[in-house]
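Hi there,

Here is the structure I promised to pass on. Have a look, and my notes follow below.

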Amino acid sequence: MATQFIANHNLAPLLVRLRQSAELHGPVRGDDGVVRFAAIAPGTLPDLSAVRTLLPPKKYLLHPQETILKYTVRAGYQMPVEDVHQIILFGLHPCDLAGINYLDRIFLDDEPDPLYVARRSVLALVGVSCSPDEFCSCHQLTSPLKALFDLFFNVVEGGFVVTSGSARGDELLEKVKDLLEERVVAVPEDARRFFGHAAAEATRPEPDATLPEWRELASRCLGCGACSICCPTCYCFDVLEFCGLDNCSASRVRQWDNCLFKGHAEVAGGMTFRKDKAERFRYRYRHKYRGFGLSQGIPSCVGCGRCRAVCPAGLDLRPLAERLEGGQRE
Amino acid sequence: MNNNLPVPAVISTIRPLTVDTSLFTLYTEPFCPVAASFLPGQFLELSLPGVGEIPLSYCGFPSQDGRIELCVRHVGHVTTPLKVAAPGDAVGVRGPFGRGFPLSAYGGQDLLLIAGGLGIAPLRSLLLALMNRRELWGRLTLLYGARETGALLFLDELLELQKRGEVELQMSVDHQEHCLDGPPCCRIALLPALLDQLELDPGRIFAAICGPPVVYPLLVSRLQRMGLSDENIHLSLERRMKCGVGRCGHCAVGTRLCCVDGPVFSFAELAGIEGSLV
C-alpha cells in the first residue's frame, strides 16, 4: 500500500517548515547529558534516538507551579489571562501520547479545567515510533488509553512513514507535502498497538494489603517522590495562596504534589490518613493500576519506564502489578 | 457556573460557640447556588483572601437570600486567621460539592443521627432539613458526644428540639469539668456507649454519622450488631479535599473520591477498603 514517506534528509527542512507556524519543541539532549522536552533550536535536530526524556510532556499542560487565580480587593478572585501560543511537540513516543490522552480524560471532562483547555488547544502532537528498552513496559500491558496524535512518524528504512490523525495533522501535512513522497513501504507493526486495546475494567477487589511485597517495597522506598514527578499520568496538585506585599492582593497557585509525601493526606490538626509508607505506596499503586474518580477502572501506567529509570532505590512495581492485575500480558 | 472560581461573600456575624469554635454567617448573592442548593452533608470551599482555601461542611439550611452558616474550629492554616476575622470581611465560596445525606431515601423512615465533637456541624444541617418537613420522617434520635460539657455545640437548639418532642436526644461527654453541671440527658461515657440502651427498629432505620474517625469502627460494629444493614449506615468522611472537583488527587478512598463520590458514604461502599475508617 502506498504511504506518505519522508526521507531522513528531508527531516530538517520539514522542521523548518513546521517552525513557521508554531514554536517547535521536542526531545533535546542538554549539555548535562539529560534529554528533556524543550525548544528545538533552529538548525538542530531533536534527539529521536533517546528512549525517554527525564520529565514527561505533562509539563506543557500542567506547569510545575502555575497561578490559577488572582485576587484583588476591588475585583475579588479572577482567572488569570493565560498567554498561550501554538506549540508543536515533536517526537512523542506512544506512551507519552497515551499519557496525554489520560490527562485529557481528567482535565477535559464535563467541567474542563480552564488553564488545561487553553494549553491543550494550542498543542499539536507529533508522535514518533520507538523501541522499548529494559525499563519500558508498554509492550507488557495493554491499555484502554489511546495514543492519539495529530501526526505520527513511523520509523522505516531511510526515513519515516507519516500518518495524520486529525484535521490539525492534515493541515500540517499540507504545509510539507512537497517534502513527502508516495511510496510503497513495508510499515513495521504499529508501535501504538498496546494502546486502545483493552476496555476500562470493572471494579476489582482491593489489593491485598497483607502481601509481604508491600512491606518490602516500602522499606526500601526513600519517599523522594521522583517516580511521581516523572510520571506522565501523575497529576496530583497542591494549592497554595500567597498574599501580596500590599496586603490587598493575592495569587493562588497550584503546584505538583506527590502522594508519597506524608503531608499528602494531612488535614488541619495534624491528622494524616496515610501514616505509613506502605499505605502511601498502595495509594500510588491504586491510582496507577486501578484508577480513581474520573479514571476509575482505567490503569494509568503507560509503561514509559521513567519511574524505574529514576528510582534511586531501584524499585520496580512491575512484578507486583503482574501478580495482582495479571491476565493482561500479550 | 464555573466551579473553579470562588464567588464573593461577606462575613455577617461571628458567634463564638466555645473557646476554639465559632459559627460564621456569610452572605453571598441572593439565589447563588452555593447558598441555595445543597444537601446536608455536602461541603463548600471557603477562601480567605491572601491565606488560602479549605473545605467546610454546610452547617445550616439552604437559603435563597445567600445566607450560609459554617461552624469553624480554629485549628488550621485558614481557620486560625479566621479567628480574628470581623463582620464585613470579604471571603470567597465555591460549591456545593460532593454527595450529601440521601434525604429522599430517608422518607418515612426512622433516623438515628450520631455526632461526635465537631461532627455535629453537618448533622445540624441535616437536623434543620428534617425539622423543615418533620412530618415526612418517623422517629428521630440524636446521639451526641463531646470531650466535655463546655464543648457541646448548639446545646440550646438541641434541648429546645428535645423539649418540643421533635427529637430524642442523648448526649455524652468524655469527662466533666469540676465547676459545671452537665445539661440534662448528658452522661459521662464514650459516644458508642449511648447505643447500649437504645431500642431501635432495625428494619426501618437509617443511621447518619459524623464524628472523629476513631469512633467509626466502634459505632459501625455496634450498629451492625443491632441489626442495621451496611446500606443503611451512612458515614461522613473527612479527607484532604483540596480542589473539591475530583482533580487534585488527595482524597481517594479506595478507588472513590471523597470530594465527588462522598463525603457521605454508606458502609456498604466502604467495607473492606483500606484506610476508609482510619
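Between the two chains, 40 residues of chain A are in contact with 37 residues of chain B, where contact means that the C-beta atoms of two residues, placed from the backbone, lie within 7 Å. Please keep in mind that this is a predicted model, in which local features need pLDDT of at least 70 and side-chain atom pairs count only at pLDDT 80 or more, while totals for chains, interfaces and linings use all residues. Residues are numbered from 1 along each chain as its sequence is written, and chains are lettered from A and ligands numbered from 1 in the order in which they are written.

Helices (H or I, at least four residues) and strands (E, at least two) are DSSP runs, numbered from the N terminus. Strand 11 of chain A gives the most, with six residues.

Now for chain B by itself. It is divided into domain 1 (7-97) and domain 2 (103-270), with bounds from an automatic or database domain assignment. Taken over C-alpha atoms, the centres of these two domains of chain B are 21 Å apart. Their contact takes 19 residues from domain 1 and 19 residues from domain 2. In domain 1 of chain B, strand 3 (43-48), strand 4 (52-57), strand 5 (67-73) and strand 6 (90-97) each supply at least two residues of the side that touches domain 2. Strand 6 of chain B gives the most there, with three residues.

Best wishes
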